[in-house]
Amino acid sequence: MVLLLALVPAWSCGYRLVDNSRTIHVALAGQGALHPEALPAVSEALASGLREQGVRLSSGAADAELAVVVTASVERAALPAEDERGTFRPSAWEAALEARATLRRAGGDEADLGAFESSGLEALGQDAAGDDAAQASAYALAAKLLAERIVAAVLAAW
């Protein structure tokens with residue numbers, strides 16, 4: 001009875017209990033020359049996005065396997081801005097990611113989820129360490145957007 005009363009406020013506040021009976025194994029790989037921030041950022045974002053949707057990650061037997069291949073990571077200086085001398089210089093990092101994904105269900109069915117692209121933009125830092133942090137942040141944002149698209153495709157195909 002106490003548990004029921006504890007859950008009533010959660011339901012009335014818009015919270016929902018997520019079904020976490022599905023399990024997935026994620027196989028992540030890179031193809032070609034990739035920035036060192038690309039794969040870790042995509043791995044973390046995929047894991048987080050799947051967990052948020054109630055999917056449990058497994059290193060062993062699972063209901064499905066998600067194979068993601070990151071095919072490109074591109075970084076470029078973006079958003080030119082005028083400095084104090086009147087010259088235009090980049091003021092932000094733009095990181096772009098491309099990947100393709102396939103979902104293999106335990107029953108043997110395979111679904112090609114297609115190709116995905118995303119990009120993230122982050123303001124440059126004031127020094128080398130700040131630039132490194134901005135670059136990592138741009139990749140993290142691009143990976144989050146990429147993961148959102150892949151997770152949506154996984155849930156639609158499952």
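1. A strand here is a DSSP run of E with at least two residues, and strands are numbered from the N terminus. On that basis Ala-111 falls in strand β5, which covers residues 110–123. The model is a predicted one, and the points below should be read accordingly.

2. Overall make-up. The chain contains 3 helices and 5 strands. Their order along the sequence is α-β-α-β-β-β-β-α. Of the 158 residues in the chain, 31% are buried. The accessible surface amounts to about 9300 Å², and carbon and sulfur atoms account for 54% of that surface.

3. Contact range. Taking contacts between residues at least 6 apart in sequence, 69% link residues that are at least 24 apart.

4. Helix packing. Two packed helices are described by the angle between their axes and the distance between the axes. Helix α2 spans residues 38–52 and helix α3 spans residues 128–157; they pack at about 45 degrees, with the axes 8 Å apart. The pair is therefore oblique. The crossing of α2 and α3 is right-handed.

5. Residues at the helix contact. On the α2 side the contact involves Ala-38, Ala-41, Val-42, Ala-45, Leu-46, Gly-49 and Leu-50. The α3 side contributes Tyr-139, Ala-140, Ala-143, Lys-144, Leu-146, Ala-147, Ile-150 and Val-151. By class, the residues of this contact are 13 nonpolar, 1 polar and 1 charged.

6. Ala-143. This residue of helix α3 has a relative accessible area of 0%, so Ala-143 is buried. Beyond its neighbours within four places in sequence, Ala-143 is in contact with Ala-41, Val-42, Ala-45 and Leu-97. Among them, Ala-41, Val-42 and Ala-45 are also listed on the α2 side of the helix contact. Ala-143 and Glu-37 are 106 residues apart along the chain, and their C-alpha atoms are separated by 9.7 Å.

7. Thr-102 and Ala-111. Is each of these two residues buried or exposed? Thr-102 sits in strand β4, residues 88–105, and its relative accessibility is 17%. Ala-111 in β5 also has a relative accessibility of 17%. The limit for buried is under 20%, so Thr-102 counts as buried, and so does Ala-111.

8. Contacts of that pair. Apart from residues up to four places away in sequence, Thr-102 touches Glu-65, Leu-66, Ala-67, Glu-110, Ala-111, Asp-112 and Leu-113. With its neighbours within four places likewise set aside, Ala-111 is in contact with Ala-101, Thr-102, Leu-103, Arg-105 and Ala-157.

9. Arg-100. Leaving out neighbours within four places in sequence, the contacts of Arg-100 are Gln-31, Ala-67, Val-68, Val-69, Thr-71, Gly-114 and Ala-115. Ala-67 is also one of the residues touched by Thr-102. Between Arg-100 and Asp-112, 12 residues apart in sequence, the C-alpha to C-alpha distance is 8.4 Å.

10. Gly-60. This residue is in the loop that runs between β2 (56–57) and β3 (64–82). With a relative accessibility of 44%, Gly-60 counts as partly exposed. Gly-60 and His-25 are 35 residues apart in sequence, and 7.2 Å separates them in space, C-alpha to C-alpha.

Note on methods
Residues are numbered from 1 along each chain as its sequence is written. This is a predicted model: local features need pLDDT of at least 70, side-chain atom pairs count only at pLDDT 80 or more; totals for chains, interfaces and linings use all residues. Side-chain values use heavy atoms; hydrogens and water are left out. Helices (H or I, at least four residues) and strands (E, at least two) are DSSP runs, numbered from the N terminus. Buried means under 20% relative accessible area, exposed over 50%, partly exposed in between (1.4 Å probe, protein chains only). Contact means heavy atoms within 4.5 Å. Accessible areas come from the Shrake-Rupley method with a 1.4 Å probe; for residues, only the protein chains shown count as cover. Axes are lines fitted to C-alpha atoms, for helices over the stretch in contact, and angles run from 0 to 180 degrees between N-to-C directions. Angles under 35 degrees count as roughly parallel, over 145 as roughly antiparallel, 65 to 115 as roughly perpendicular and the rest as oblique. A crossing is left-handed if the near helix is turned anticlockwise from the far one by less than a right angle, and right-handed if clockwise. Ala, Val, Leu, Ile, Met, Phe, Trp, Tyr, Cys and Pro count as nonpolar, Asp, Glu, Lys and Arg as charged, and the others, Gly among them, as polar.
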